[in-house]
Amino acid sequence: MLLTVDMGNTNITIGAYENDSLRFVSRLSTIRGKTADQYAIEFNQIFRLHSASAESFSGSIISSVVPELTETVCDTIEKVTGTVPMIVGPGIKTGINILIDNPAQLGSDLLVGAVAAVDKYPLPCLIVDLGTASKISVVGKDASYRGGMIAPGVAVSLNALSSNASQLPRISLAAPKKAVGTNTVDCMQSGIIFGTAAMVDGMVQRFKEEIPGVASVVATGGFSNCIIEHCRENIIHDDTLLLHGLKVIYEKNRKS
């Protein structure tokens with residue numbers, strides 16, 4: 001089996017592929033103070049939960065936007081599975097032509113998402129990634145990464161609002177019954193859920209004006225499920241987009 005690990009600022013998403021089939025997906029909280037041994041215990045527990053043997057993994061690949069934890073999680077994977085993880089970064093073949101001002105600044109998560117989009121969806125494609133940050137990326141018809149936008153994520157915005165406004169409580173991420181709220185909680189939920197959905201719709205429309213012939217719009221990320229259903233644009237929800245991208249990258253580099 002192949003172990004794919006997407007490490008973000010909020011969650012570490014773990015996927016196990018058996019041939020071309022995604023056998024299971026699991027998530028851990030990204031906690032910077034944990035040691036490799038502590039993560040190893042959690043990885044082993046996840047494998048047992050899904051009736052998977054750690055010894056059954058013949059390869060592994062990791063994408064990380066948390067540099068201070070990358071080595072720790074790589075050590076974890078090597079301890080638990082006995083495989084040395086491939087790390088998405090300089091020198092890795094992706095097949096993506098990066099057309100931004102400084103290609104070295106492109107986050108590995110955005111690059112992995114672009115690889116997956118090229119493999120799975122009609123191009124040009126817009127990728128909406130709603131995680132710690134809300135991001136939209138453009139993948140051109142020629143399999144190029146054209147650029148995108150970054151905004152504060154759903155949880156970041158909500159935490160900032162509750163922390164900086166004394167009379168605003170902490171609330172759950174649930175959609176209210178209507179956009180016009182009649183109490184504080186409904187008003188906040190409307191702003192966060194419907195407001196983010198409207199931002200996504202508006203930015204997708206602006207991107208379409210600048211990128212002719214957009215053929216698909218795909219959403220992924222931890223908050224995509226609760227936001228995309230309230231968007232008016234036709235957006236495909238693909239919760240495992242980045243795991244698929246990691247698998248594609250692993251296969252490209254293993255063959256070479």
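Predicted model: local features only at pLDDT ≥ 70, side-chain atom pairs only at ≥ 80, totals over all residues.
1. Ala-143 lies in the loop between strands S8 and S9. The backbone of Ala-143 deserves attention: phi is positive, about 60°, although the residue is not a glycine.

2. Is Asn-19 buried or exposed? With a relative accessibility of 70%, Asn-19 counts as exposed.

3. S8 (133-139) is mostly covered, with seven of its seven residues buried. In a regular strand, side chains alternate between the two faces of the sheet. In S8, Ala-133, Lys-135, Ser-137 and Val-139 point one way, while Ser-134, Ile-136 and Val-138 point the other way. The residues of both groups are buried. S8 pairs with S7 in the antiparallel sense over six bridges, and a hairpin joins S7 to S8 through two residues. S8 and S9 also run antiparallel, joined by seven bridges. Val-139 shows both pairings: it is the bridge partner of Cys-125, and its own bridge partner in S9 is Tyr-145.

4. The cis peptide bond. Leu-123 and Pro-124 are joined by a cis peptide bond, with omega at about 0°. Pro-124 is placed in the loop between helix H3 (108-120) and strand S7 (125-130).

5. The five-stranded sheet. Which order do the strands of the open sheet follow? The order is S3-S2-S1-S4-S5, and the pairing is mixed. Strands S3 (21-29) and S5 (86-87) stand at the edges with a single partner strand each, so one side of each has no neighbour in the sheet. Within the sheet, S1 (residues 2-7) and S2 (residues 11-18) run antiparallel and are joined by six bridges. One of the residues involved is Leu-2, whose bridge partner in S2 is Tyr-17.

6. Helix H2 across the sheet. H2 (residues 67-81) lies across S1, S2, S4 and S5, and runs at about 160° to S1. Its length can be checked: at 1.5 Å a residue, the 15 residues should span 21 Å, and the end C-alpha atoms are 21 Å apart, which agrees. The buried residues of H2 include Leu-69, Val-73, Cys-74, Ile-77 and Val-80. What do the buried residues of H2 pack against? They pack against S1, S2, helix H1 (36-49), S4 and S5.

7. Tyr-250, a contact across the sequence. Tyr-250 is in helix H7 (residues 241-255) and is buried, with a relative accessible area of 13%. Leaving aside residues up to four places away in sequence, Tyr-250 touches Leu-2, Ser-58, Gly-59, Ser-60, Ile-61 and Met-86. Tyr-250 and Pro-85 are 165 residues apart in sequence, and their C-alpha atoms are 9.8 Å apart in space.

8. Helix H4 and its buried face. The buried residues of H4 (residues 154-164) are Val-154, Leu-158 and Ser-162. Seen down the axis of H4, these buried residues fall within an arc of 50°, so they line one face of the helix. The general rule is that an α-helix has 3.6 residues a turn, so residues three or four places apart point the same way. On the other side of H4, Ser-163 and Asn-164 are exposed. The cover over the buried residues includes S8, strand S9 (144-152), helix H5 (184-210) and helix H6 (224-228).

9. Cysteines. How many disulfides does a search of the whole structure find? The search finds zero. The cysteine sulfur closest to that of Cys-187 is in Cys-226, 18 Å away, too far for a bond. Cys-187 counts as partly exposed, at 41% relative accessibility. Cys-231 is in no disulfide either, and the nearest cysteine sulfur, that of Cys-226, is 10 Å away. Cys-231 counts as buried, at 12% relative accessibility.

Notes
Residues numbered from 1 in each chain as written. Heavy atoms only, no water. Pairing = 2+ DSSP bridges. Helix = DSSP H or I, 4+ residues; strand = E, 2+ residues; numbered from the N terminus. Contact = heavy atoms within 4.5 Å. Axes fitted to C-alpha atoms, helices over the stretch in contact; angles between N-to-C directions. Expected span 1.5 Å × (residues − 1). Buried < 20%, exposed > 50% of the residue type's maximum accessible area, 1.4 Å probe, protein only. Arc of directions from axis to C-beta. Disulfide = S-S within 2.5 Å.
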